[in-house]
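Hi there,

I am passing a structure over to you, as promised. Please have a look at it first, and then read on for what turned up.

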Amino acid sequence: MALYIRQNDVLPFIIPLATTLLYRFTMQLITFLGLAAAVAVAKPTVYFIRHGEKPADDSNGLSAQGVQRAQCLRGVFGASSDYHIGHIMAQTPKSSGKRQRPLDTVKPLAADLGLSVDISCDRDDPKCVKKVVKNYTGSGNILICWEHKALTDLAEELGADNVSDYPSDHYDLIWVDQPPYSEINSPPALAKPPSLVSKGTKHSSGTMGSEIKIPYIETPLVKSANLSRAAENLQPSGSFKSRGIGHFMVEQLKALRAAPGASSAATAHFYSSSGGNAGLACVHAALTLGCAATVVVPLSTTAFMIDKLRAAGATDVVQVGASWQEADDHLTGTLVPAARAAGEAPVYVPPFDAQAIWDGNAGITREVLRQVAATVRHYPVTAAAADGLPAVDTTPNVDAIVCSVGGGGLFSGIMQGVEEFGLQHRTRVVAVETHGADSLHQAVQKMEPVTLPAITSLATSLGARRVCRQAFEYGLRDNVSTAVLTDADAIRACRRFADEEHFVVELACGVCPALIYNGQIKEHIPGFNENSTVVIVVCGGSNMSYDIMDKYMAGLE
């Protein structure tokens, strides 16, 4: 409490001016010191959590589910949450890799908050933790991630009595320890990792709102020879866009409903700019979430795709601009401000350049790693390939992941997933484009972002004249290589893929199997052989039919 002293109403006139000034200064100093003391005695709330799930064999690191939980914490304790985290602690990891799980669990959250994880205290040194808490003078509260068996000791060292053990079968509880740290409050549950919930999940911030569905699905990994296909063409919208954009829209809707004074059943009007597939994903997700969607597409978008957008249930489809950039500029500069001026609360849905989109697409990598080891139970593989699938550090071995690149949202998500599992030293990512839409390849060659003058490729879904900054930075990684194929390569691959795999995909997707069909994959994977494990992301796409494919094939003759 600040200390305030009221001066006398009338001071004797005989007090010299200097004495009066000194008196006033003294009163101000006392007031300031009182305020400082009030700040100094303020103590943070301490939140205790257990690290994410561990592998079934109890080896080092997090399991795939544990990695997903680490990502989930970014939303639970993030900057927009009510937890106001200002300091994060994890037990000191061993050089052997043991006791590493708590640090791995909170690293993604710490990166989001711009914090360094404090690993100064050993797992079995609760006095060290108490000293950190006692001496903490920063703003915000403290999050402590530890092994569950030691959490009781930490809480009791801070002052709590008769603390029950953290349940060994739980990874989803938050212990809340408020000053003066005398008791652990009833712990709320942490959110479940989204991809583990098959029938939709409830997202909350403080209070539980209405159910928010998940507008994307887990897709199967299908194997043939030493090639595995992540079948993203089976997503609700027909392409991988459902995953990243769907995740982005769920996060935006959650934030809208969590805003002060907002209804837990509030709806949004989503606005998307797209070459077609991103807009289609937006429309499908919006309908699943019970919201409206308006899509802006460039003039290069086919009538075939525009009809699909309208048939899918788009509130409106606007066609403007020679490329995605022009369409996007019209949406953000004209339509969204107009909607806001009309009293609407519009939500802009970027096609690829947003962290939440990359987070959603990173789920592809997580699913691949979870599913690839199981392929030996369902498909014929060589003994050497089967032996190579289990990796020495709990995650399966994948030699390469092949994906196509437009604006870079898919590529950025794949790379994020690879780095989450620490696979960048053994898993290559091959980013494939077509001539005339190769903005990433040119940027990597010049070591600086490049804006193409125009999109001249038939693969219009790759039609971003400039990739997002995150994709460019990932493109410079040592485990990344870029490949550029012709439209003719993509056309022939689409036809062969339809004949052999019985799926129709568009040219932007066909470039990936084309790299396999023409044998160029071995140029990108050192030591490539029959035992190599390669996964191509079949990104799908709706801008293709047998009639369109026949016209493309006729143009090659």
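Below are my notes, from the overall picture down to single residues.

Please keep in mind that this is a predicted model. The average pLDDT over the protein is 81, and 83% of the residues score at least 70. Two stretches call for caution. Residues 29-40 have a pLDDT below 50, and in the model this stretch makes 11 contacts beyond near neighbours in sequence. Residues 191-210 also stay under 50 in pLDDT, with 39 contacts beyond four places in sequence.

As for the overall make-up, the protein has 17 helices and 18 strands. Of its 557 residues, 53% are buried. If you take the contacts between residues at least 6 apart in sequence, 69% of them join residues at least 24 apart.

Next, the helix pairs. Two packed helices are described by the angle between their axes and the distance between the axes. Helix α10 (residues 355-372) packs on helix α12 (residues 409-420) at about 60 degrees, and their axes are 7 Å apart. The two helices are therefore oblique to each other, and the crossing of α10 with α12 is right-handed. On the α10 side the contact includes Trp-358, Ala-362, Ile-364 and Arg-366, which meet a set of α12 residues that includes Leu-410, Ile-414, Val-418 and Glu-420. Sorted by class, this contact of α10 with α12 has six nonpolar, eight polar and three charged residues.

The second pair is helix α4 (residues 126-135) with helix α5 (residues 148-158), whose axes come within 9 Å and cross at roughly 50 degrees. That angle makes α4 oblique to α5, and their crossing is right-handed. Pro-126, Lys-127, Val-129, Lys-130 and Val-133 of α4 make the contact with Asp-153, Leu-154, Glu-157 and Leu-158 of α5. By class, the contact of α4 with α5 has five nonpolar and four charged residues, and no polar ones.

Then there is helix α16 (residues 507-517). Nine of its 11 residues are buried, so α16 is largely enclosed by the rest of the structure. The buried residues are Leu-507, Ala-508, Cys-509, Gly-510, Val-511, Cys-512, Pro-513, Ala-514 and Leu-515. What do they pack against? Their partners are the strands β15 (400-404), β16 (428-434), β17 (480-485) and β18 (534-538), together with the helices α15 (487-501) and α17 (546-556). Just after α16 comes Gly-519, with a positive phi of about 80 degrees.

Most residues other than glycine have a negative phi, and most peptide bonds are trans. The bond from Pro-179 to Pro-180, however, is cis, with omega near 5 degrees. Pro-180 sits in the loop between β5 (174-177) and β6 (184-185).

His-84 is not a glycine, yet it has a positive phi of about 50 degrees. This histidine belongs to the loop between α2 (64-76) and β2 (85-90). Is His-84 buried, partly exposed or exposed? Its relative accessible area is 49%, so His-84 is partly exposed. Arg-99, another residue other than glycine, has a positive phi near 60 degrees, and Arg-99 lies in the loop between β2 and α3 (101-113).

Best wishes

Terms used:
Residues are numbered from 1 along each chain as its sequence is written. This is a predicted model: local features need pLDDT of at least 70, side-chain atom pairs count only at pLDDT 80 or more; totals for chains, interfaces and linings use all residues. Side-chain values use heavy atoms; hydrogens and water are left out. Axes are lines fitted to C-alpha atoms, for helices over the stretch in contact, and angles run from 0 to 180 degrees between N-to-C directions. Helices (H or I, at least four residues) and strands (E, at least two) are DSSP runs, numbered from the N terminus. Angles under 35 degrees count as roughly parallel, over 145 as roughly antiparallel, 65 to 115 as roughly perpendicular and the rest as oblique. A crossing is left-handed if the near helix is turned anticlockwise from the far one by less than a right angle, and right-handed if clockwise. Contact means heavy atoms within 4.5 Å. Ala, Val, Leu, Ile, Met, Phe, Trp, Tyr, Cys and Pro count as nonpolar, Asp, Glu, Lys and Arg as charged, and the others, Gly among them, as polar. pLDDT is the predictor's confidence in each residue, from 0 to 100. Buried means under 20% relative accessible area, exposed over 50%, partly exposed in between (1.4 Å probe, protein chains only).
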